[in-house]
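The notes follow in the order in which I looked things up.

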Amino acid sequence: MSQGSVAGQTFWNITISRLIETLSKAPNLEIVTYADDILLIIHGPSHEAVITSVEESLNTIEEWCSKHKLELSKDKTAIMPMFVRKRETYNSHPGVNTRGIKVVTEMKYLGVMLDSRLDWYPHTLFLENKILHVLNNLARCSKAKLGLLYANLTIIYKHSILPTITHAAEAWHRSVTKRAIHKLQQIQKTYLIFLTKAYKSVSNDALQAIAGIMPIDQAISLYKDTRAITRGQQTNAVSAQLKKIETPTKLKGITQTENHIQVVLSRKEGLAEVTLYTDGSKTDKPIGVSMVAIKESREIHIESMRLNNDCTAYQAELCGIRMAIDWIQNQKKKVATYAINVDSKSAILAIANKHTTHPIAVDTRRKLIELRNDISVKIHWVKGHSVIQGNEKADYMAKIVASYNPNITYDAIPISRGKRILEDYYTGIWNATYTNSEKGLHTKVLIPSIFHRKTQTLWPKCP
């Protein structure tokens, strides 16, 4: 199977699964795999025990390679003893010598430089080289074009430089040493000098305030916490609001053949024995959602609820669909066919997507799968405000409940709102650090606080 083929990854996973299964039986060994890269983590009571495990693992891998007509790449294979001063024990071992495998103190794995002491300073040096290469290219481009605009350089920082620094920060930043932190600050300062065209003697505090760019420590913490809330994990930020964030989830216990929801995107009104209409409304801050059920041209049920002011119209639309499904479940199979008409295409597609992690969409999918064995439920996308009577009634009731009902039924805030809360939280830390710092006194005359800087429209101008 050629490299880069569509089915190549699947066939490789099938082929390598037997090797992983065999290696996993060995004691004191952990396996990390990514594509065709295999990392073996071996521990033991002594160096001799570790080397014995290394040799046994290498024998197993070589036998597997020989059986599948593959060869172990010696150039890409290395042994890195952790927290060991004397490496002669490993270098002089016959099992290592005869195979020509290198014994190293640093190795690159998935874009991260691992070192034998795990102080992560070599990784920061690796980052410095990468970013200096980018800076040199930008400098040549600036000379050719008489200087890049500040706005363009800021975009490059946010979407290229910062992601390069924060890559896999969840793994390495928790135990980073002081000299590694200092190196990260130097990396950021180098780019900020290029960005603002300031002198090298300008302090980091002043440069960050002038550029409007968060200190690298807070930026990495913000990145880690943002990743955490998208995975439903706890954050280091202390905020009561963050406890109300929607927790991403997955639909479990459902086979691939069952995990399919049919939706109709024809923009035409769906009709059945019972036709339901759902709509969400967000006016200024209050937000509500309503559902109307119609049978034989007669309204048989109307239901509404209010959401937290921080919720979005997208959440309201999902809540409306789930409200309709809950009502259908409570009917105890009285009717065989139902049609739900919704004017939010994004909400319908979220429910139809089997990979969705939105908790409301996942819950709705599960309930639809449970229902479809006994009754027919189809979700139709219709054009909003197109004089469909049921849809207009649902929209009207949603506005009424949003404006006059004080009881909030759903108060989980969206992840997008959680990201803004995190940014405000770390901006507050940055502001406290800046205002209490003894550096950048001349800058503070013009920029007394970070919050003041955020309101300004004046930006550094390139020559």
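I took two strands as paired if DSSP finds at least two bridges between them. Strands (E, at least two residues) and helices (H or I, at least four) are DSSP runs, numbered from the N terminus. The model is predicted, so I kept its limits in view: local features need pLDDT of at least 70, side-chain atom pairs count only at pLDDT 80 or more, and totals for chains, interfaces and linings use all residues. Residues are numbered from 1 along each chain as its sequence is written, and side-chain values use heavy atoms, with hydrogens and water left out.

I looked up strand E5 (residues 106–109) and found Met107 and Tyr109 on its covered face, with Glu106 and Lys108 on the uncovered one. E5 pairs with strand E6 (residues 112–115) in the antiparallel sense, over four bridges. Which residue of E6 stands opposite tyrosine 109? I found valine 112 there. Two residues lie between E5 and E6 in this hairpin, and leucine 110 in the turn has a positive phi of about 55°.

I then went to strand E1 (residues 29–34) and strand E2 (residues 37–42), which are antiparallel and share six bridges. Valine 32 has leucine 39 in E2 as its bridge partner. E1 and E2 also form a hairpin with two residues between them, and here alanine 35 in the turn has a positive phi of about 55°.

I used nonpolar core for a set of buried Ala, Val, Leu, Ile, Met, Phe, Trp, Tyr and Cys residues joined through side-chain atoms within 4.5 Å. Buried means under 20% relative accessible area, exposed over 50%, and partly exposed in between (1.4 Å probe, protein chains only). The largest core has 40 residues, and Leu276, Leu307, Ile328, Tyr338, Ile340 and Val377 have the most contacts inside it. Elements giving two or more residues to this core include strand E8 (274–282), strand E11 (337–342) and strand E12 (376–382). Helix H11 gives the most, nine residues.

I listed the contacts (heavy atoms within 4.5 Å) of tyrosine 338. Leaving aside neighbours within four places in sequence, they include Val274, Leu276, Trp327, Ile328 and Val377. A second, separate core has 35 residues, among them Leu127, Trp172, Ile193 and Phe194.

Glutamine 208 is in helix H9 (residues 204–211). Beyond four places in sequence, glutamine 208 is in contact with Gln188, Leu192, Ile213, Pro215 and Trp430.

On a 1 Å grid over the protein atoms alone, a cavity is a set of points where a 1.4 Å probe fits but cannot get out; a pocket is an open set with protein on both sides within 12 Å along at least five of seven lines; lining residues have an atom within 4 Å of a point. Grid points are joined across faces, edges and corners, and a volume is the space filled by probe spheres set on the points.

The largest cavity holds about 40 Å³ of space. Glu128, Ile131, Leu132, Leu135, Ile187 and Thr190 line this cavity. H5 gives the largest share of that lining, four residues.

The second largest pocket holds about 680 Å³. Its lining has 23 residues, with Lys158, Leu162, Met214, Leu222 and Glu423 nearest the centre. H6 gives the largest share of this lining, eight residues.
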